[in-house]
Every structure is written in C-alpha cells, then in structure tokens.
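The following exercises concern the model shown below.

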Amino acid sequence: MLKIDNVYASAGDKEILKGLSLEVKSGEVHAIMGPNGAGKSTLGNLLAGMPYVQSQRGEVEYMGKDLLELEPEERAAEGVFLAFQYPVEIPGVNNMYFLRTALNAQRKYRGEEPMDSAQFLRMVKQKIKDMNMRDDLLKRPVNVGFSGGEKKRNEVFQMGVLEPKLAILDETDSGLDIDALKIVADGVNQLRAPDRSFIIITHYQRLLDYIKPDFVHVLADGKIVKSGPKELALELEEQGYGWLNN
Amino acid sequence: MAGLITDWTTLADDQLVNDSNLPDWLKAKKQQAVAQLKTLSVPSRKLEYWRYSDANRLALKGGEASPSSLESHPVSIANDGVEQVVIKLNDNGFTVSDNCPGSVRISPINAIDESRWLDLDMNQETVANLANTACFMHGVSVECSAALEVNLVFEYDYKFDEQWRYVRNQINVDTGAQFSVEERFNSGQVNVVNVYDLQRGSVVNRHQMANLSDAQNLISFNQFELSAQAQLNSTNQHLGGSLQHHLHRVNFNGNQAVFKMGTVNKSINNNNIADLVEVNHNKKSNQSDVTHRSIADGASQIFTNAKAFVAVGADESEIEQDLKNILLSPDAKIFSKPELEVYADEVVAAHGSTIGALDDQSLFYLQSRGIDIKQARAIMIESFEQEALL
C-alpha cells in the first residue's frame, strides 16, 4: 500500500527526515515511537501533504501513485487520512456540514455521486452510535469549545465517516484520560480491516495496550533506527530510548 | 469635487422652493442645514472619518450597474417563520405591504410629528451626512407601539443613474415595544440617514445589508438613541460597491441599556468601505459590544473604527471592541482602530484588533479532509464572518 524509500524532508529551513524508509502493507498497523524532535509528526505531515513540510529527495509510493505529487485534498480522496495532533477550530462551521462537504468532495474526485442530506444524516447517526460517541458532536462548530479529549474523539469520528485506506494518527492519545483513550482505541479497532492500514504515532506504550500493532518502529534523528514486533514498545517503555544509541 | 458643497446646497435650495409638502418647521431645519453646509468644506483625507476613504468617489457619476464581483454570497441570517412587512422605497416615494399590523404606523418622513423629530449633531467630519438633512426628499417615519413578531423590511429600489438619492428615515419605538428591522440596499446611489429612538425597555433587532455592484455607492448615517433598559442588536453586512461609508452613532440616555453590534465588511475588487462606530456612554451601567470582521481582496481598502466614549460618572459601563481583519491579497489594505476614551472610574473595557491572512494550518486541515483550496478558503471566510453575526 505504502512504500517510503529513503526520504529526506525539511520543515521550514530545518532538515528533519534524513533517509527514512518504511513499507506498510494492506491491513497492517504500524506504530511509530521515538524521542521528541525525532521527526514523527513531520512524517505524518509529509504524507498528508502539509505545504510547510517539503521533501528534498526520496520517493513515496502509495497505491501505485507518487504520493508527493498529489495535492493534500487529492491524497485525502485517494484514502489518506491524518488525525491531527492539534486539531484546529473552525468557528461557525458545524461538524455535520464540514463532514458532508468533505465526504462529497472526496466522492466527486472519485467520480461517485454526492450523498444527499438524508442519506448522510442516517449514515453519521449510525456511525456515531457505533463508535459510542455523543451525537451533539455533530451540531457543534468544528472543534470549537471542545476539550482536548473531545477533539481527539472528533478526529477518530471523522476517520470513521471518511473511511480512509491509510490512517495516520499523530499522537491521538496525548491528553486523553483512560476512558477517552478506550473510546478512541475502540473507534480505531472498529475500523481495522484487511484493506485499511494504520500508522500510529505515539510516545507511550499505553495506547498500544488497546490497539495492537503488527510492527513497532523507533524513529530517531529523522530515520527509523529499529523495528520489531509489538514487544518492542514494552522494551522502550522500560528502558527509554537511550539504549538505542549503544 | 470642489463643487460638491455647491451641488448639495443648490439641490436643497431647489427643493425648498419647489416642495410644497414640507411643513414650515422642517423647511427651517433644512435651511439651517444648508447654512451650516456653506461654512464647511468637502470631505477629504484631512478628516479623521475620511482619512482612509476615497472621498473623490462621492463626486463620481455612476456607470452601468454591473453584477456584483463578489465571489461568494453573503452569509444568510436565519429569520425563518417571521412575517415580513415590506416598505419599498423608490423614485415614486414608498409603498407598504398590506400586512402591516395596526400597532406599526408608517407615514412619509415629511409628515412626522415635530415633537418626534430628532435633530442630529453634525460637523465637518459628518459633512456628507449633513448633506442628507439639507437634501433628503424621501423616507419614512415608523412608529411602533407593541411587542411584535414582525420583520420590517426596508427595500431600497431606486433607479441606478448619475443622481444620488437622499433618504431619511426615523423609527420611533415606544416603551416596551419590540420588533425586527431589515434594511436591504441592493442597488443605487444612496445617501441615507436612519434615526432609531428606543424608549424604555424596548428591543430592536436590526440588520443592515448592502450588497452592491462595483459602480454603486452608499453613504449611511445611523443614530441610535437608547433609553433605560432598551436593547439594540444590530448586524451589518457590507459587501462590494465603489464606495461605502457607514457611521453608527449610539447615545445611551438612560441606565442598563444594551447595544450589541456585529459587522461584516467584505471588499473584493477596488472597493472602498469605511465602517465607523461611536458609542457614547453618557449614563451609568450600560453595555456596548462591538464586533467587526473585515475581509479585503484585490486592491480594495477597508477602514474599521470602533470608538467608545465614557462620560464622567458613567460608572459600571461595560465595553467590548473586537476587530479582526483578513487580507487576501498583497494590494489590499485594512486600517483597523479600536478606541476608548474613558472619564469614569469604574469601567470594564476590553478592546483588540488583529490583521492577518487566512490561517495556513486551518486551510491545510480542510484540505486534508478532501476539500480543495478554493472551497477551503470560502469555508474559512464564512467561518470568520459568522463570528460577527448576532
């Protein structure tokens, strides 16, 4: 599904990713861990197409396409979804309107018929019920007045509605209490499917108690320095990142 | 341009000779205005209120009305289910829809009772508005005496040609009365003065909408007199036009009254919009809350100014001024000025002003969900406008 090959990328004038390679196959869940400033969020932003992050060299192939050549909205319509670490607030635009606009924009790109209001309402009501979230989320302006946990839940709900093929969760667990963490993790687990992959960026092992990854990678100084099974996360929790330098 | 004063006084003199419907007391008011006009000079950048407006556009002859250059329609304000009483103002005078309730009395402005008439304090800064007092030929007097579920709509439907139309309206709202007013400017070359006199405990929800094509001009002066416990909620949407110049003056004449204003100024091409608010806290325990959201694109220019004056003894006044602005092009200009002049001790006041571009992070957020950049910008602008709509 996704093949990142020796990518170098900068954020502003600072080089962050320095020869990163990673392959994600359909249905796999990859956890990316690493110390602060290693480049974890930059990787997520690069894949989603944030203009501030520019690739210098290397290739990213996604479903047979050169991902870096696509505009952010084209990447979204192709199935790439980034759950933001700091979701932005959009006053005056309610979640329902925002999501329907987004969904229909993606459907238009893919040559599908737009979803009318009634169909959309039925679909989101079912989704929000399935994901055990409160439906007042739909009527509220996007992320305005949301607590940190609500914002993260809203990101996962958006993911549920848009049904991406590749979901990148950028520290979705940060700032969540245990109950909120479970809701978010349940939402992700419900979406796991053979044709859907996840890249989960996190600092802590605790999220991986609820979302079991197939692989854990350690990102340090702009590249992946170690990969392993899910037990690697436990090792990192116990020993930190210092031992990787030895 | 130098002949503007002469144009105004000549027009006024002609009316004074030819208009047989003017009562003597109103003739005297107009003559007084003409005499004052002759002592003043034309608006120019030397004046504070015209510093950032191209006053030369006052003298420009209007061309053919072209469709509005605005890329997006104004954000709609829900007023569903409320009955509309429509007052159409045009070159033949005015008409009123036949569903007007008995507790609303509408008559030609010339027929207003002298005791109801409110004199306005004009000076060099407001010379273009003083011209209205000298030259007005149309307008209505509205008297409302009850709490009504009615939306009174003023529709300006003047032929668009080289002539300015001078319109004066006065809205008297009796004690405890309540209703909504909408002023719709869709065409023309209009210089309008609206005077709202709100008696104790009355409530008015007002919405001024000016959506003009590139050749059209609008000058408006809106004075609001608020008695004790009165409340005025005022929303303005000013879009396009060659020149729009709006001055809102608020006088608190009693205690515990509330004035809330939310304004959207949106200027896309070579438009020139000035939007000025003066709030005079003359008495104790009044609240004013002014929110402006302005957006300028192309080579357009916007001046937005909120000024609050708190008189000696007007303690417990509460003032908030929130002016935010977005520039969409390198050639657009916005001048944004919150102002507080406070002579009382116990006052709660907050003011702020920002100017910037659309937030890149927010745009990326929308794009990352599949929305293209053009639509993302439109959503962001609409979201920004919504912050000002009451």
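**Exercise 1.** In which sense do strand β1 and strand β4 of chain A pair, parallel or antiparallel, and over how many bridges?

*Solution.* The model is a predicted one.
Step 1: locate the strands; β1 of chain A covers residues 2-11 and β4 of chain A covers residues 53-62.
Step 2: read the pairing, which is antiparallel and extends over eight bridges.
Step 3: take one bridge as an example; A:Tyr8 has A:Arg57 in β4(A) as its bridge partner.

**Exercise 2.** Determine the strand order of the open sheet in chain A and identify its edge strands.

*Solution.* Step 1: the open sheet has four strands in the order β2-β1-β4-β5 (chain A), with antiparallel pairing.
Step 1: β2 (14-24) and β5 (65-66) of chain A each pair on one side only, and these are the edge strands.

**Exercise 3.** Describe the secondary structure, burial and contacts of chain B.

*Solution.* Step 1: chain B contains five helices and 19 strands.
Step 1: 57% of its 390 residues count as buried, the cut-off being under 20% relative accessible area.
Step 2: among contacts in chain B with a separation of 6 or more, 84% join residues 24 or more positions apart.

Methods:
Residues are numbered from 1 along each chain as its sequence is written. Chains are lettered from A and ligands numbered from 1 in the order in which they are written. This is a predicted model: local features need pLDDT of at least 70, side-chain atom pairs count only at pLDDT 80 or more; totals for chains, interfaces and linings use all residues. Side-chain values use heavy atoms; hydrogens and water are left out. Helices (H or I, at least four residues) and strands (E, at least two) are DSSP runs, numbered from the N terminus. Buried means under 20% relative accessible area, exposed over 50%, partly exposed in between (1.4 Å probe, protein chains only). Contact means heavy atoms within 4.5 Å. Two strands pair if DSSP finds at least two bridges between them.
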